[in-house]
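Let's take a friendly walk through a protein model together. Have the sequence and the 3D view ready, and look up each residue as it comes up.

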Amino acid sequence: MSYINKANGVRAVRYEGDDEAYAVNELYMKIRERVHEQKRHRKPQKRKAPTDIVKKSITYNIIIFAIALIFLTLFWRMSGPDRGYYFYENSTYYYDSSGWYQWDTYDNEWTPSYVDSELKNNYEDYYQSRSWDDDYGVEDFEDSDYYSEDIGQDDDWDNDWDDDWDSDDDWDSSYDDWDSDW
């Protein structure tokens, strides 16, 4: 016996008998007919080519990556000390994105410096200003060899390297012939 539900919720007998296979087939045929009708009345959808999907996916990933990169750059710039002068334990320090520099009172020059955790963690407490002031008693950091207008983009980055890495001595040992085809 098989039933169907009417629109108002009342069950109606579609087949009465002992042949279950026939009853199942009746239900199957009716379901198949309804599915076919629904498909026929549906608006045709344009199939997207796989390349369109890949292009949209790549574009989406690039946009997400660019947004993430912008936020990370802003976060990196916003976290940490501001570029400028700091006064800590009777010494003047300068910070820019490449690191900390300390005024060397003996040689009267700026030198790269490591700072202790107190200054590193509480830099706001020791901040003086971004601009140099004659009252600091130090040379303007912008006049030093370490200063670069484009932070991290120093055109003379290799000035500190010696060109004499290759001595005039013959580095071939007497028992090894480095010029051979080995």
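Leaving aside its neighbours within four places in sequence, D82 touches Y95 and Y127, where contact means heavy atoms within 4.5 Å. D82 and Y127 are 45 residues apart in sequence, yet 8.4 Å apart in space, C-alpha to C-alpha. You will find D82 in the loop between helix 2 (50-78) and strand 3 (84-88). Helices (H or I, at least four residues) and strands (E, at least two) are DSSP runs, numbered from the N terminus. With a relative accessible area of 45%, D82 is partly exposed; buried means under 20% relative accessible area, exposed over 50%, and partly exposed in between, with a 1.4 Å probe and protein chains only.

A word on the source: this is a predicted model, in which local features need pLDDT of at least 70 and side-chain atom pairs count only at pLDDT 80 or more, while totals for chains, interfaces and linings use all residues. Residues are numbered from 1 along each chain as its sequence is written, and side-chain values use heavy atoms, with hydrogens and water left out.

**Aromatic rings**

How many aromatic pairs does a search of the whole structure find? The search finds 15. Rings of Phe, Tyr and Trp (its six-membered ring) pair if their centres lie within 6.5 Å; planes under 30 degrees apart count as stacked, over 60 as edge-to-face and the rest as tilted. One of the pairs is Y86 with W100, which is edge-to-face, at 5.0 Å centre to centre and 65° between the planes. Y86 belongs to strand 3 and W100 to strand 5 (residues 99-104), so this pair ties together parts that are 14 residues apart in sequence. Y86 is buried at 1% relative accessibility, and W100 is buried with a relative accessible area of 9%.

Another pair, Y101 with Y146, is tilted: 5.0 Å centre to centre, 35° between the planes. This pair links distant parts of the chain, as Y101 is in strand 5 and Y146 is in the segment after strand 7 (127-129), 45 residues apart. Y101 is buried at 7% relative accessible area, whereas Y146 is partly exposed at 32%. Both rings belong to a cluster linked by ring pairs, made of Y85, Y94, Y101, W103, W110, Y136, F141 and Y146.

**Nonpolar cores and a surface patch**

In soluble globular proteins, nonpolar side chains tend to be buried together. A nonpolar core is a set of buried Ala, Val, Leu, Ile, Met, Phe, Trp, Tyr and Cys residues joined through side-chain atoms within 4.5 Å. Which residues make up the largest nonpolar core? It has nine: Y86, Y88, Y93, Y95, W100, V115, L119, Y123 and Y126. Strand 3 and strand 4 (91-96) each supply at least two residues of this core. Leaving aside neighbours within four places in sequence, Y88 is in contact with Y93, D116, E118, L119 and Y126. Apart from this core lies another, of eight residues, including Y101, W103, F141 and Y147.

**Salt bridges**

Side chains of opposite charge can pair when their charged atoms come close. A salt bridge is a side-chain nitrogen of Lys or Arg within 4 Å of a carboxyl oxygen of Asp or Glu. The whole structure has two salt bridges, shown here:

| Salt bridge | Closest N to O |
|---|---|
| E33 and K30 | 3.7 Å |

E33 and K30 both lie in helix 1 (residues 20-41), three residues apart, about one turn of the helix. E37 and R40 are also both in helix 1, again three residues apart, about one turn of the helix. E33 is partly exposed at 44% relative accessibility, and K30 is partly exposed at 24%. E37 is partly exposed, with a relative accessible area of 30%, while R40 is exposed at 52%.

**Two backbone angles**

Most residues other than glycine have a negative phi, and most peptide bonds are trans. E89 is exposed at 59% relative accessible area, and N90 is exposed at 72% relative accessibility.
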